[in-house]
Amino acid sequence: MRPIKLSDANQVDRQVGERMRRRRILLGLTQDQVADALGISYQQIQKYETGANRISAGRLAQIAEVLEVLPGWFFGVAEAADEPGNSSRAVIELVRNFSRIEDDRVRSHLMALMRALSGGGEVDGDSEAAPARQAANGGISGQA
């Protein structure tokens, strides 16, 4: 095992910061919200995310808790547990917009449609899949 050079350490700081930023955005959180949860300033979050400031082990554990991941996730250790396409801008945008939908019925219809379009294994008689079948067969009726 070779010794870590200073330039390697700086690269690790940037990687941890970038993964922190991606996870925050995926959860739809602002820098202010994460900062408030940690009891620090949003400027400090910015410095962590850019890799300008190094994150201590204790602080990384706190950040992991707020962002709902294990601390090793920031280093790519839990990479296999990540959802495919997690870093995709489109996925982040989809999650953000979906979370803003307040009508549970609309959310249910969208989930069923996405499941049907992705081939997500519909079970016969699945009431959540019924809206997707209707949409696939010419649209959802005018029921409200």
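A polar contact here is a pair of N or O atoms within 3.5 Å, and within protein one of the two must be able to donate a hydrogen and the other to accept it. Keep that in mind for point 2. Also keep in mind that this is a predicted model.

1. The overall picture. Of the 144 residues in the protein, 25% are buried. As for contacts with a separation of 6 or more, 50% of them involve residues 24 or more positions apart.

2. Arg24. I'd start the residue tour here. Arg24 sits in helix 1, which covers residues 6-26. Is Arg24 buried or exposed? With a relative accessible area of 9%, Arg24 is buried, since the cut-off for that class is under 20%. Its side chain makes a polar contact with the side chain of Glu49, at 2.6 Å. Setting aside residues up to four places away in sequence, Arg24 touches Leu29, Thr30, Gln31, Val34, Glu49 and Leu67.

3. Helix 2. Two of those Arg24 neighbours, Gln31 and Val34, turn up again in this helix (residues 31-38), whose buried residues are Gln31, Val34, Ala35 and Leu38. They sit on the same side of helix 2, because the arc they cover around the axis is only 100°. Asp36 and Ala37, on the other side of helix 2, are exposed. After the helix comes Gly39, with a positive phi near 75°.

4. Helix 4. Here the buried residues to look at are Leu60, Ile63 and Ala64, in a helix that runs over residues 57-66. Their arc around the axis is only 100°, which puts them on the same side of helix 4.

5. Glu68. This one deserves a look on the screen. Just after helix 4, Glu68 takes a positive phi of about 60°. Why flag it? Most residues other than glycine have a negative phi. Glu68 has a positive value and is a residue other than glycine. Its place is in the loop between helix 4 and helix 5 (89-99). At 58% relative accessibility, Glu68 counts as exposed, given that the class begins over 50%.

6. The aromatic pair. How many aromatic pairs does the count come to? The count comes to one aromatic pair. A pair of aromatic rings is described by the distance of the centres and the angle of the planes. For Trp73 and Phe74, the ring centres are 5.4 Å apart and the planes stand at 80°, so the pair is edge-to-face; the cut-off for that label is over 60 degrees. Both partners are buried, Trp73 as well as Phe74.

7. Arg19 over Trp73. The Trp73 ring has a charged neighbour too: Arg19 lies over its face, at 4.0 Å from the ring centre.

8. Gly76. Gly76 belongs to the loop between helix 4 and helix 5 and is partly exposed, with a relative accessible area of 23%. In sequence, Gly76 and Arg19 are 57 residues apart, yet their C-alpha atoms are 8.7 Å apart in space. Leaving aside neighbours within four places in sequence, Gly76 is in contact with Gln15 and Arg19.

9. The start of helix 6. Asp103 is in the loop between helix 5 and helix 6. With a relative accessible area of 41%, Asp103 is partly exposed. At the start of helix 6, one of its side-chain oxygens reaches to within 2.8 Å of the backbone nitrogen of Arg105.

10. The length and end of helix 6. Just after the helix, Gly119 has a positive phi of about 70°.

Conventions. Residues are numbered from 1 along each chain as its sequence is written. Side-chain values use heavy atoms; hydrogens and water are left out. Buried means under 20% relative accessible area, exposed over 50%, partly exposed in between (1.4 Å probe, protein chains only). Helices (H or I, at least four residues) and strands (E, at least two) are DSSP runs, numbered from the N terminus. The arc is that of the directions from the helix axis to the C-beta atoms. Rings of Phe, Tyr and Trp (its six-membered ring) pair if their centres lie within 6.5 Å; planes under 30 degrees apart count as stacked, over 60 as edge-to-face and the rest as tilted. A charge sits over a ring if NZ of Lys or CZ of Arg is within 6 Å of the ring centre and within 35 degrees of the ring normal. Contact means heavy atoms within 4.5 Å.
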